[in-house]
Amino acid sequence: MKNGVTFRVNLDEYLLRALKEDITSEDVTTNAVMPVEKQGKADLICKEDGILCGISVFCRVFELLDNTFTFSTTYKDGDFIKSGERIGIITGDIRSLLSGERTALNYLQRMSGIATFTHEYVKELKGYSTKLLDTRKTTPNMRPFEKYAVKIGGGHNHRYNLSDGILLKDNHIGAAGSVTKAIQMAKSYAPFVRKIEVEVENLSMVEEALNAGADIIMLDNMDTDTMKEAVKRIGDRAETECSGNITKERLKEIAEIGVTYISSGALTHSAPILDFSLKNLKPIE
């Protein structure tokens, strides 16, 4: 992709699906007012303060519609931007600029919103060794974009998908019969290079997970006192992760307990968008 990062996966199939969702046969409005090709330009304007994220995705949407598209900017993903700033100038066939506008802005707004929201959470953990993680609670067909945005905001990615790591949650434990059985079965099935994480809800489950050899113990929906005791008992025998009802206001309190990680689904499922607009579209004479 031009003007930005290269992702681990080819994202064109995602972007083409989004464009097809918005243009099933034709852009009837654009075709009515612009029946022939004509070059034009427009300004990309930020309407809120925040962290910019998704420039390469924004550009790629237009590139898929128009091989004459260009974008001129001095900004990059991760930059702090302010309301009213012109982020860049887009040029290309006016028809492609009009038809791709909403899809391109949707990606840019969503990704910048997540990066900005994550950044606010990360600021609360300054001075602590605890890392902030996202989860799999992502919008369908938006995972690569949303997890990338978390990283741009200063957070870290938990496993990308179910093929990426072993996490034994309450229903896995229920299916196996116990924490011990679930861990034993995971150890037997998985290569030795894979870490095994297990979700626990109380101190007795903590002890069982430790005795069974879990690598990471997720402390799920525990109150502060129980979490402190759990971390004390675990010591350096396993890494720890706190999850469940994580709010910005609780982050420092949890970090002070000394957990290795804090994971929050809110980073992707509750972040508001950061608003942008394309303005001042004009033909290039």
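Here is a walk through the fold, from the whole chain down to one arginine. The model is a predicted one, so local features need pLDDT of at least 70 and side-chain atom pairs count only at pLDDT 80 or more, while totals for chains, interfaces and linings use all residues. Residues are numbered from 1 along each chain as its sequence is written, and side-chain values use heavy atoms, with hydrogens and water left out.

Let's start with the overall picture. The protein chain has eleven helices and twelve strands, where helices (H or I, at least four residues) and strands (E, at least two) are DSSP runs numbered from the N terminus. Its C-alpha atoms fill a box of roughly 75 × 40 × 25 Å along the principal axes. Of the 285 residues in the protein chain, 49% are buried; buried means under 20% relative accessible area, exposed over 50%, and partly exposed in between, with a 1.4 Å probe and protein chains only. Take the contacts (heavy atoms within 4.5 Å) between residues at least 6 apart in sequence: 72% of them join residues at least 24 apart.

Now find the open sheet of four strands, with the order 3-5-1-12 and antiparallel pairing. Two strands pair if DSSP finds at least two bridges between them. At the edges sit strand 3 (70–72) and strand 12 (276–283), each pairing on one side only. From one strand to the next, the twist averages 25°. Strand 3 and strand 5 (residues 86–93) run antiparallel and are joined by three bridges, and phenylalanine 71 has isoleucine 90 in strand 5 as its bridge partner. Helix 4 (residues 94–124) packs on this sheet, touching strand 1 (39–46), strand 5 and strand 12, and its direction makes about 160° with that of strand 12. For such angles, axes are lines fitted to C-alpha atoms, for helices over the stretch in contact, and the values run from 0 to 180 degrees between N-to-C directions.

Helix 4 also has a helical neighbour. Helix 1 (residues 12–22) packs with helix 4 at an angle of about 130°, their axes 10 Å apart. That angle makes helix 1 oblique to helix 4: under 35 degrees counts as roughly parallel, over 145 as roughly antiparallel, 65 to 115 as roughly perpendicular, and the rest as oblique. On the helix 1 side, Tyr14, Leu15, Ala18, Leu19 and Asp22 meet Ser99, Arg102, Thr103 and Tyr107 in helix 4. By class, this contact of helix 1 with helix 4 has five nonpolar, two polar and two charged residues (Ala, Val, Leu, Ile, Met, Phe, Trp, Tyr, Cys and Pro count as nonpolar, Asp, Glu, Lys and Arg as charged, and the others, Gly among them, as polar).

Zoom in on arginine 102, which has its place in helix 4. At 37% relative accessibility, arginine 102 counts as partly exposed. Leaving aside residues up to four places away in sequence, arginine 102 touches Asp22 and Gln109. Its C-alpha atom is separated by 9.3 Å from that of leucine 19, 83 residues apart along the chain.

Elsewhere, helix 7 (residues 179–189) and helix 8 (residues 203–212) have axes that come within 9 Å and cross at roughly 30°. These two helices are therefore roughly parallel to each other. Val179, Thr180, Ile183 and Lys187 of helix 7 make the contact with Met205, Glu208, Ala209 and Ala212 of helix 8.

Last stop: strand 9 (residues 216–220) and strand 10 run parallel, joined by five bridges. Here isoleucine 217 has threonine 240 in strand 10 as its bridge partner. Strand 10 (residues 239–243) is mostly covered, with four of its five residues buried.
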